[in-house]
Amino acid sequence: MSLDLMDSYDFYQLSPRQGPLAEQFTTVVNSPPNPIRISQKRAVRIALLLFGDINTVDNRSLLMSFKKRMRELGIDYRLDTYTDSSQNSSDITPYFKIAEAQPDYIVMTELGFVQRRFLERFLRSSKAPKVILYDFASPLTHWMNHPPLMYIGFDQKKATIMLASYLDRQLPPEASISALVLPSGYLGYVRCDVFLNEMMKYNRRISHIRVVSDNKESAFEAAQSLLKKDPSDFIFSCSQNISDGVLVALKRNNLAPNIQTNSWGLPLHGISDLVNRRVKASVLFMKDDLSIALAEAIKMDLEGKNMPNLYVAHSTLMPAELDAESIRLMVQQAYHYSVELWQE
């Protein structure tokens, strides 16, 4: 897939008219809600496909923020939620159910080979349903002639470059770094490869690179092995699942009190891990803005307005050096619609 992906810069170079539309849309997302101005003949039907456990804080946050914005916009809608909890999308039942339901919009929260093949038939059709890709902001060159209604997500490449720059400034020149990376795939391309390339630019040697599956267990085992064999000062975690596994290994290993890792977003114990310095820095994504953008995209489409095919939300760095109050304010900003879920 990596050869087929563009970042936002490439996309706007190929489609110059998209840039101004994206700026206007960003203003809409950041503004108070403006209720829909057309009268609907019927409720709009939305199919949302979630992955893994539907009760994760991330999934609950998505649903809470989206429903709140839709309510504020006064849109009459019916939301049907489907779940793919299988490993590697081996259960195709939810995809059949979505196709049978014939919704007006399909919102896909992950994009791999299975999802891509499933969506292509809808992208090539001029009829409903329309496709919105959630938490995925790397347009596919293969889809340029029949793009989804909107890609909504973060610039993972830019976020990784920001993290790598911070680590280079903060880690001593002699610090040893290990990396737990993902196999080839979307995150492997936009995060792992980018991080390793950035470290090379800074003349930072990575002493150990381990390829692990994107789950807590395999990351824990790999981190345990690294800690026993040749402990590093910093272990780079390419995904939040990997970070979770590394943190368990660090907490269980009394010989590694000063070894740190990084995290992505706001994991359940993210604030305490920052405060106790196990996590050196976390990339904080303005996650509720994605749900707001999702609602605003549907509204704009119903009103027949010109809209961009790509919305890139803001991300920032949350370093461990911040005091607890500053961290709390940053979390409030990132989850301004669903912050109560993260305070449970």
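**View 1. Bridge partners around strand β9 in the predicted model.** I235 has T261 in β9 as its bridge partner, and T261 in turn is the bridge partner of V279 in β10. The model is predicted, so local features need pLDDT of at least 70 and side-chain atom pairs count only at pLDDT 80 or more, whereas totals for chains, interfaces and linings use all residues. Residues are numbered from 1 along each chain as its sequence is written, and side-chain values use heavy atoms, with hydrogens and water left out. Strand β8 (residues 234-237) pairs with β9 in the parallel sense over 2 bridges, where two strands pair if DSSP finds at least two bridges between them. Strands (E, at least two residues) and helices (H or I, at least four) are DSSP runs, numbered from the N terminus. Between β9 and strand β10 (residues 279-285), which run parallel, there are 4 bridges.

View 2. Strand β9 (residues 260-264) is mostly covered, with 5 of its 5 residues buried, buried meaning under 20% relative accessible area, exposed over 50% and partly exposed in between (1.4 Å probe, protein chains only). In a regular strand the side chains alternate between the two faces of the sheet. β10 and β12 run antiparallel and are joined by 5 bridges, and V283 stands opposite L317 in β12.

View 3. R191 lies in helix α7 (residues 186-201) and, because its relative accessibility is 6%, counts as buried. Leaving aside residues up to four places away in sequence, R191 touches Q156, T160, C238, S239, Q240, W264 and F285, a contact being heavy atoms within 4.5 Å. From C-alpha to C-alpha, R191 and A324 are 28 Å apart in space, and they are 133 residues apart in sequence.

View 4. The open sheet of 6 strands has the order β2-β1-β3-β4-β5-β11, with parallel pairing. β2 (77-84) and β11 (310-313) stand at the edges with a single partner strand each, so one side of each is left without a neighbour in the sheet. From one strand to the next the twist averages 15°. Strand β5 (residues 150-154) and β11 run parallel and are joined by 4 bridges, with F154 opposite A313 in β11. Helix α2 (residues 18-29) packs on the sheet, touching β5 and β11, and its direction makes about 50° with that of β11. Helix α4 (residues 93-101) also packs on the sheet, touching β1 (44-51), β2 and β3 (105-108), and its direction makes about 160° with that of β2. Axes are lines fitted to C-alpha atoms, for helices over the stretch in contact, and angles run from 0 to 180 degrees between N-to-C directions.

**View 5. The crossing of helices α3 and α11.** The axes of helix α3 (residues 57-73) and helix α11 (residues 288-302) come within 8 Å and cross at roughly 40°. α3 and α11 are therefore oblique to each other, given that angles under 35 degrees count as roughly parallel, over 145 as roughly antiparallel, 65 to 115 as roughly perpendicular and the rest as oblique. Residues of α3, including L62, F66 and M70, meet residues of α11, among them I292, A295 and I298.
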